[in-house]
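Please look at the model below before reading on.

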Amino acid sequence: MTIDRETFGPGGPGGPSVREVTATQDHVDVVVVGAGFGGLYALHKFREQGRSVRVFEAAPEVGGTWYFNRYPGARCDVESLDYSYSFSDELQQEWTWTEKYATQGEILAYIKWVADKLDLRSGITFNTRVISAVFDEDALRWTVTTDTGEVVSARFVVMATGPLSSPLKPDIAGLDSFVGETYHTAHWPHEDVDFTGKRVAVIGTGSSGIQSIPIIAAQAAQLYVFQRTPNYSVPAGNRPLSAEEVEQAKATYADRRHKSWRSGGGSPHVAHPQLTMEASAQERREAFERRWDLGGVLFSKTFSDQMIDAEANEEARKFYEEKVRAVIDDPAVADLLIPTDHPIGTKRICTDTNYFQTFNRANVQLVSVRKTPIESIDATGINTSEQHFDVDAIVLATGFDAMTGTLAKIDIVGRGGQRLVDDWAGGPRTYLGLGVDGFPNLFLVSGPGAPAVLANMVLHAEAHVNWIADAIDHLDEHGLAAIEATADAVDDWVTECNKRAEATLFPKANSWYMGANVPGKPRVFMLFIGGFATYLDICAEVAGAGYKGFSLIKRR
Ligand code: N01
């Protein structure tokens, strides 16, 4: 077994536990949890404000999700020129992206470069998980405890823990008895994994599976792909960026960023000006073709009504099916690979390079887990209801306990001893995805109730950190000690998020957006779906109105 309990997030499946105790006491303004894009920018921003900051990071390195998700083929599905910090023109002018969609390696190199350039490492304690954060109502401070036994007192806690940071291990009988190699895409080893000559099973066909399968297939002697639900995937259209293109982009970065900030998803994409059915059949087809050729996840936004109008969505789906069938040799395999259970785009569209063509290879076999369920795993391989598959390695591409999984593993205790995990038993409840009633001076970065994963996560993290930094400044300027979302504001925001989600096709899919991939998790749409720019306007309006919906607390 190559994976261990470390794979499954803070504290492992059994919850938090204290490791070695070297208790020290530290008093800081802010504790930030996580050193990914959000946590790093938070450290930089709060330092710029002259605040004392401690960042705790479970990994030995910066990068967050881009540190752990280093499986073969891992790339971002947002264009590299957009998926990068915008707060410093110096950074965006100095760094040069080499491909339209950056590899995990290039993104991690970028994050490390930023950390070094801004001297961020000195503020980060690595190899350390925060296991609890407990609010002291008298002192109006948080006591933060780590798995190394360190205890820090902080006025503010900022959870930059990432929405996709708790990998899910499938509950398959006998998984631990397998004697070959086992990997999880979200916790891939740092040394090279070579599947040459091996028989490999991949379980899961989400973005991680779909990116890794073509590369594993090219190495392995035999690859079995265990698919439960087929997914929509659009060719990435990845390519190297030319020097002229990069130069042009750098010269016009301000405009590119402006478009991103004012967009629905945080990148400079503009939908077709007409609604799907307003366009003539020919215009519609041309629009889909143009977007298909550009590649990637934005296919779901070719027309602005695709995710709200079932008829419009069906037009996109028909076009998609035609494209995908054309590249799969065996029509019976194509039938299995083309989704029929959810509208296109209601789960994040995957972005691939030769995924469907991979099933034309002689060494690749698709196994539909819907038709022949996996019953168990034993020492030598996988048993479905129909046959035994002897394999040398199993790759789990089985996703995450998204949005709430990592927060739930930290014992967060607010006013009156209330626990976040209990408050959220029926689904996450936040105001703006930033604050929670009962938890003063606790902020979430890209938490549930924000657009988060529906937007470009780098700009989203910047927006959240900027908002939090302004809120803290506001407290100080007005001699206030704490800020806390009101219960009414949380209720109203949850209602608003649900109402907006129900007006779309998204709730029709059993997606991780809905918590549907985790047995027993409440089925709630966990994001704000009204668009990035709209969301930012709401956040700005709340702040401009003196933090409407928040209680501002004076020191007694
Ligand atoms: O995870 P997933 P992911 N038996 O949850 C299957 C981002 N991301 O890591 O659909 C058999 O999408 C499960 O089946 P089903 C991106 O936001 C981005 O791939 O539940 N199968 C599904 O097929 C993405 O959406 C990038 O029926 C089992 C798969 O495992 C998110 O991360 C790259 C099973 C899990 O798919 C998550 O993607 C990678 C079982 N017991 C990730 N349990 C890019 O930027 C689960 N499955 C390109």
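A residue is called buried if its relative accessible area is under 20%, exposed if over 50%, and partly exposed in between, with a 1.4 Å probe and protein chains only. Helices (H or I, at least four residues) and strands (E, at least two) are DSSP runs, numbered from the N terminus. This is a predicted model, in which local features need pLDDT of at least 70, side-chain atom pairs count only at pLDDT 80 or more, and totals for chains, interfaces and linings use all residues. Residues are numbered from 1 along each chain as its sequence is written, and side-chain values use heavy atoms, with hydrogens and water left out.

We start with strand β8. Of its five residues, four are buried, and the strand is therefore mostly covered. What surrounds β8 in its sheet follows from the strand pairing, where two strands pair if DSSP finds at least two bridges between them. Strand β8, residues 199-203, is joined to β16, residues 393-396, by four bridges in the parallel sense. With β9 the pairing of β8 is again parallel, over five bridges. Val 200 can be followed in both directions: Ala 393 stands opposite in β16, and Leu 223 is the bridge partner in β9.

These strands belong to an open sheet of five, in the order β7-β16-β8-β9-β12, with parallel pairing. Its edge strands, pairing on one side only, are β7 (181-184) and β12 (364-368). On average, neighbouring strands of this sheet are turned by 20 degrees against each other, direction ignored. Axes here are lines fitted to C-alpha atoms, for helices over the stretch in contact, and angles run from 0 to 180 degrees between N-to-C directions. Contact means heavy atoms within 4.5 Å. Helix α5, residues 207-219, lies across β8, β9 (222-227), β12 and β16, and runs at about 155 degrees to β9.

A second open sheet has three strands in the order β13-β14-β15, with antiparallel pairing. Here the edge strands are β13 (374-377) and β15 (388-390), each of which pairs on one side only. Three bridges connect β13 to β14, residues 381-384, in the antiparallel sense. Ile 377 stands opposite Ile 382 in β14.

Next come the rings. A pair of aromatic rings is described by the distance of the centres and the angle of the planes. Rings of Phe, Tyr and Trp (its six-membered ring) pair if their centres lie within 6.5 Å; planes under 30 degrees apart count as stacked, over 60 as edge-to-face and the rest as tilted. The whole structure holds 42 aromatic pairs by this search. One of them joins Tyr 67 and Phe 68, edge-to-face, at 5.1 Å centre to centre with 90 degrees between the planes. Tyr 67 is buried at 10% relative accessibility, whereas Phe 68 is partly exposed at 24%. Arg 70 lies over the face of Tyr 67, at 5.1 Å from the ring centre; the criterion is NZ of Lys or CZ of Arg within 6 Å of the ring centre and within 35 degrees of the ring normal. Elsewhere, ring pairs link a cluster whose members include Phe 37, Tyr 41, Trp 66 and Tyr 83.

Asn 69 sits in the loop between α2 (65-68) and α3 (89-94). What does Asn 69 contact, leaving aside its neighbours within four places in sequence? The partners are Ala 74, Gln 104, Thr 185, Ala 186 and Phe 400. Asn 69 is buried, with 8% relative accessibility.

Gly 38, in helix α1 (residues 37-48), is buried at 11% relative accessibility. Beyond its neighbours within four places in sequence, Gly 38 is in contact with Ala 160, Val 445, Ala 461 and Val 465.

Asp 335 lies in helix α10, residues 331-337, and is partly exposed, with a relative accessible area of 47%. Its C-alpha atom is separated by 8.4 Å from that of Arg 325, 10 residues apart along the chain.

How many disulfides does a search of the whole structure find? It finds zero, a disulfide being a pair of cysteine sulfur atoms within 2.5 Å.
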